[in-house]
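This briefing covers aromatic contacts and strand pairing. The sequence and structure are shown first, followed by notes grouped by topic.

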Amino acid sequence: MCRARVFLTLLAWTSLAGLVRAGEGNSAGGRDGVDKPSLPNAPSPAVALQTIVKNFVNAKNYRVKVDVLGGYSTVEDHAVGQAMVREAYAGEVDGGLMNIPNVKVFRTLKKGAVFIDGNWKDILSDQRTVRIDRLFKFPDVILGNALNNASRAVWLAPDPVATAVNSTGYVDDGSTEYDPDWKPSGAGAAEKAKSGKKAKSDQKASSPRTVVFKKSKDAEKAALAALPRVIRVEAPPEEALKNIIEVQNSNCFGAG
Amino acid sequence: MYEIEMDPQTKLPVRIRMVLCTAIRGETETNKAKKIVGGRHVAFQFDYTLSDYGKVEKTSVPVAAMKLLARD
């Protein structure tokens, strides 16, 4: 089984005539995107995003859940007021293979198989599983799309209500500069070993420049909690078209 | 629009949100930059939660399913 998670396709941008840019607004609990300069000690969001994706590519396996909510909205933050589609799926991903046990589906990025009526069939042979295929994207795809637009990445300011004293934000271990030429590849093992060792050594060697207060542990935690941990990426208008077409192809929005 | 939340210790993504919107002709309000600012429009929100990195046990795939997955 090929390691399909290495693919991270480059999207072919298509024009979005008559449509508008993919959503924006305060969908993250009301917080506005804040550019890096206004967040002290925060590294470049593009660098952070690339680090996150690199680590993700090197991860062996993980569990993933998705909640899909679709419908009509009348507000600027695109909160769905009239829901037409509600779906939830959960799967386990190992290498390039996703297992969705509840619906007996195995899938890769390109193919899928579902157990129906005592037989294994193609995932596109049944309308219910077509919806899964169209709506439940591999996180690799989404992260790849976000990384392709890394220049548009911004940090979201930490939510002071949701952030507990014990939580921390992104701590730059000084391991990276943004590499515009880096693309996820199959050399996951070597890269993992290198990045793992480097991250550890950097964490040991790097000075705690992100720590503002040194007098008390609570103050130190508070300082770390003030660092950001959410990156927002606005995709160009053209990218929305492809994604919307896939949603429409799932036929989840009804025939009418 | 994508939002990626990461675990600050592992620097792995733990939450991904994707919001897709499309205008409805004649009903959606947009500004000069073609940005939706109001009015009725279609919106889809995908909220992913990722967890248990490295803790998933290998699953055996039935031969019949494997054949379908391997097909060109």
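Two strands count as paired if DSSP finds at least two bridges between them. In this predicted model, strand E3 (residues 82–94) of chain A and E4(A) run antiparallel and are joined by 3 bridges. The structure also holds 8 aromatic pairs over all chains.

**Strand pairing in chain A**
- A:Asp94 stands opposite A:Leu97 in E4(A).
- E3(A) and E4(A) form a hairpin with 2 residues between them, and A:Gly95 in this turn has a positive phi of about 65 degrees.
- E4(A) pairs over 3 bridges with strand E5 (residues 105–107) of chain A, again in the antiparallel sense.
- In that pairing, A:Met98 stands opposite A:Arg107 in E5(A).
- The hairpin of E4(A) and E5(A) has 4 residues between the strands, with A:Lys104 in the turn at a positive phi of about 55 degrees.
- From strand E4 (residues 97–100), A:Leu97 and A:Asn99 point one way and A:Met98 and A:Ile100 the other way; all are buried.

- A:Tyr62 and B:Tyr53 form a tilted pair, 5.7 Å centre to centre with 40 degrees between the planes.
- The pair joins two chains, because A:Tyr62 lies in strand E2 (residues 61–73) of chain A and B:Tyr53 in the loop between strand E3 (36–51) and helix H1 (63–70) of chain B.
- A:Tyr62 counts as buried at 0% relative accessibility, and B:Tyr53 counts as buried at 19%.
- Ring pairs link A:Phe56 with A:Tyr62 and B:Tyr53 into a cluster.

**Charge over a ring**
- B:Arg40 lies over the face of A:Tyr72, 3.7 Å from the ring centre.

Terms used:
Residues are numbered from 1 along each chain as its sequence is written. Chains are lettered from A and ligands numbered from 1 in the order in which they are written. This is a predicted model: local features need pLDDT of at least 70, side-chain atom pairs count only at pLDDT 80 or more; totals for chains, interfaces and linings use all residues. Side-chain values use heavy atoms; hydrogens and water are left out. Rings of Phe, Tyr and Trp (its six-membered ring) pair if their centres lie within 6.5 Å; planes under 30 degrees apart count as stacked, over 60 as edge-to-face and the rest as tilted. Buried means under 20% relative accessible area, exposed over 50%, partly exposed in between (1.4 Å probe, protein chains only). A charge sits over a ring if NZ of Lys or CZ of Arg is within 6 Å of the ring centre and within 35 degrees of the ring normal.
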